[in-house]
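Visitor: I have a model open. Please show me how to read a few of its features.

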Amino acid sequence: MHYDFKKIEKKWQNAWQKYKAARARINPAKEKFYLLEMFPYPSGKIHMGHVRNYTIGDVASRFKTLEGYNVLHPMGFDAFGQPAENAAIKNKTKPDNWTHKCIRQMQDELKKMGFSYDWEREISTCDSSYYKWNQWIFLKMFERGLAYKKASTVNWCPSCQTTLANEEVIDGGCWRCHSKVEQKDLEQWYLKITAYKERLLEDLKQLNDWPERVLNMQANWIGKSQGVEIYFKVKAAGKVIPVFTTRVDTIFGATYIVLAPEHPLVKELIKGKPQESEALKFIEKVSRESKVVRASSDVKKEGVFTGSFAVNPVNNQEVPVWIADYVLMEYGTGAIMAVPTHDQRDFLFAKEHGLPMRMVIQNTAALEGNVEDLKEAYEGDGLQVNSGEFNGLPNIEAKIKIAEWMEKKGIGKIQTHWRLRDWLISRQRYWGTPIPIIYCPECGVIPVPSRDLPVELPKNAPFTGEGGSPLGKVKKFVEVKCPKCRAPSRRETDTMATFFDSSWYFLRFCSPKFKDGPFEQKEAAYWMRVDQYIGGIEHAILHLLYSRFFTKFFKDLGMIDFGEPFKRLLTQGMVLKEGEVMSKSRGNIVDPDIMIGKYGADTLRLFILFAAPPETELEWDDRGLEGAHKFLNRVWRIQDNLKEKADPSLTRALHKTIKKVSEDYQGFKFNTAIASLMELTNAIYQTGADKETFSRLIIMLSPIAPHFAEELWKVLGNKESIFKANWPEADPKMLLEDNLTIVIQVNGKVRSKITVAADISEDKLKEIVLADKGLIPWIQGKPVKKFILVPQKLVNIVV
């Protein structure tokens with residue numbers, strides 16, 4: 001019988017769709033399992049990264065179904081965002097038309113892969129039935145003071161008259177028209193995520209099943225740091241520059257300070273100085289630079305002297321005040337103390353501009369050296385030198401003592417600083433959720449009443465990519481009456497960042513058609529939390545942090561009783577070809593459609609799981625697909641030569657395989673699970689298999705190759721789907737070996753090894769051990785004090 005994968009895969013995809021095989025409903029009699037992969041942006045075609053992510057999730061989902069869990073495995077589309085707006089402009093269409101066309105195309109491709117999604121729960125964030133609840137959430141945050149508006153700096157293209165994301169600034173210019181990008185202050189909306197900073201940090205301790213790397217990335221982004229705010233007085237100006245540092249042990253080595261060009265004191269410091277003109281030119285130049293570029297470690301740092309000096313409060317020495325591009329107002333106080341001997345960035349800047357250096361921590365592992373001999377900053381621990389009364393102390397100890405001394409003298413204050421900043425959600429775009437705010441000349445800032453939600457995007461907005469937000473050009477959208485006083489007013493024309501949409505979608509999946517709130521609390525109480533979340537490491541910080549923030553907010557509203565959304569997290573690696581990440585620009589894309597047409601979805605699934613463990617990078621290799629296809633064909637042919645009864649050695653091999661594959665599936669070690677199934681297949685080819693052994697092999701293979709397994713299951717005479725079968729259990733008796741190797745120790749040292757029957761009695765074992773000729777030199781003529789047995793492993797004789 002020929003393995004016709006095209007016919008088989010189409011047949012079972014239609015059957016699963018017809019019988020709604022993945023439909024999930026509350027069932028109190030079963031333990032639930034909520035499995036979720038990060039939903040995709042609908043770009044139109046799935047790529048190998050999607051294939052890998054969703055195959056990993058689908059195998060876990062199908063395995064849990066076979067284990068008897070009530071599985072929820074939904075899919076939707078993160079459908080808002082700038083790419084759709086850009087595509088609409090390029091293709092002379094509208095973003096909603098473009099997006100829905102891409103969604104339909106992507107749905108078809110996902111179904112071709114045989115993924116077991118409950119498509120009845122599908123959501124698209126661009127649908128007003130979804131973004132209505134974005135607006136409702138925003139209003140709840142606004143009520144509680146967690147949504148507010150303030151001025152902030154954005155990348156601005158003066159030619160297109162629009163804001164640009166950091167990634168749209170290329171070599172200082174607009175990606176679209178190449179005009180020089182400027183920094184411009186705009187009033188924009190923020191969410192006060194900093195109100196949750198302590199909980200966001202503390203609750204990381206609950207996430208025992210998250211990768212350590214992700215937990216560290218989250219903790220570093222929140223960035224709680226203990227340090228000292230030091231007060232540098234500006235000479236002759238009567239002003240104080242506060243500087244926060246976590247390295248107060250290096251304060252005696254601070255030889256200059258650096259301000260962000262946007263620092264409010266800068267213009268006062270340069271006024272009337274010979275350096276004023278040069279400094280103003282530098283400030284204007286930096287204002288056009290992306291903050292991402294400014295903060296980058298691999299870009300040369302530039303700066304200018306302000307002409308002013310400040311006083312280092314610990315030694316009363318004058319230090320020059322500079323401004324530099326690498327210092328940002330968003331971090332700390334917008335000012336840093338520079339210690340070039342003990343900070344590499346300061347060292348390079350000082351070398352470039354001829355600034356002084358002073359060693360204050362001596363490397364105890366090195367000979368005493370001069371500052372002039374330094375080739376790089378020493379950033380390790382050591383003993384304090386040139387540090388007044390603290391000389392000779394280990395710097396770790398000195399850090400505490402210097403901080404206390406400075407606080408006592410009133411020249412510094414011990415403080416806790418946080419790296420986390422409030423979340424800017426405003427976008428001057430069309431294709432996003434309209435922010436539900438009205439500006440009334442009489443009443444001020446007025447939230448749209450809940451009864452008037454959703455505030456829908458107008459269909460007729462003009463798309464040119466120029467002249468600011470398209471929403472501002474739609475008169476019927478902008479002009480509105482105040483809900484309180486009915487005076488002519490105007491709507492907010494900013495839309496929300498798309499991270500807002502994805503910060504709670506996992507809750508919406510619990511009840512996607514619920515009309516009285518963002519989610520039905522009864523459904524969320526049953527399905528949540530997400531038991532297994534799967535996605536790329538690139539989302540390890542922002543998406544996960546925002547999702548955790550929203551979950552805590554819903555808990556505070558009394559809508560849920562848990563504070564963390566995802567129990568277990570897996571971050572899958574990239575798919576590479578010839579060592580490079582697949583991308584159109586590199587021309588190294590492998591089209592999943594072509595691979596499915598040539599080998600079938602089950603072969604592609606098998607290869608993508610066998611080629612590498614999920615967490616690591618996967619190197620694409622066409623030969624691996626050939627091998628996967630041959631393996632499926634080998635399994636397919638077993639049906640032609642089934643025996644009445646399996647060989648005992650095969651039965652033992654089967655049960656060992658069941659144990660190993662079960663453990664590997666639980667641990668997402670799919671590559672080693674497949675290797676075990678291949679070994680079992682080899683054993684079948686040596687001895688032949690009966691129907692029961694073959695059936696169990698097919699069940700174990702079914703999460704990976706579902707169409708293939710469904711067809712073979714039916715060929716074996718089964719009426720129901722294979723996914724209504726039970727996962728096989730290993731018989732413990734079959735896992736025992738016929739013979740065992742026992743290690744023999746004398747007084748704790750290995751002296752011999754013997755092979756005995758697995759079911760040997762303790763008395764018989766003792767008799768054989770004491771008669772072992774290899775022990776004669778160690779026990780002859782010595783009374784045995786103890787005979788210690790570790791069953792099935794070792795014997796220790798104490799003489």
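Visitor: In which hand does H19 pass H20 in their crossing?

Guide: The model is predicted: local features need pLDDT of at least 70, side-chain atom pairs count only at pLDDT 80 or more, and totals for chains, interfaces and linings use all residues. Residues are numbered from 1 along each chain as its sequence is written, and side-chain values use heavy atoms, without hydrogens and water. H19 passes H20 in a right-handed crossing. Left-handed means the near helix is turned anticlockwise from the far one by less than a right angle; right-handed means clockwise. Helices (H or I, at least four residues) and strands (E, at least two) are DSSP runs, numbered from the N terminus.

Visitor: What residues meet between H19 and H20?

Guide: Contact means heavy atoms within 4.5 Å. From H19 come Asp 602, Thr 603, Leu 604, Leu 606 and Phe 607. They meet H20 residues including Leu 625, Ala 628 and Phe 631.

Visitor: How many disulfides does the structure hold?

Guide: A disulfide is a covalent bond between the sulfur atoms of two cysteines. The cut-off here is a sulfur pair within 2.5 Å. The structure holds 0 disulfides. Cys 482 is in none; the nearest cysteine sulfur, that of Cys 440, is 3.7 Å away.

Visitor: Is Cys 482 buried or exposed?

Guide: Buried means under 20% relative accessible area, exposed over 50%, partly exposed in between (1.4 Å probe, protein chains only). Cys 482 is buried, at 0%. Cys 510 is buried too, at 1%.

Visitor: Which residues of H11 are buried?

Guide: In H11 (residues 344–353), they are Asp 346, Phe 347, Phe 349 and Ala 350. Their cover includes strands E10, E11, E12 and E13. Just after H11, Gly 354 has a positive phi of about 65°.
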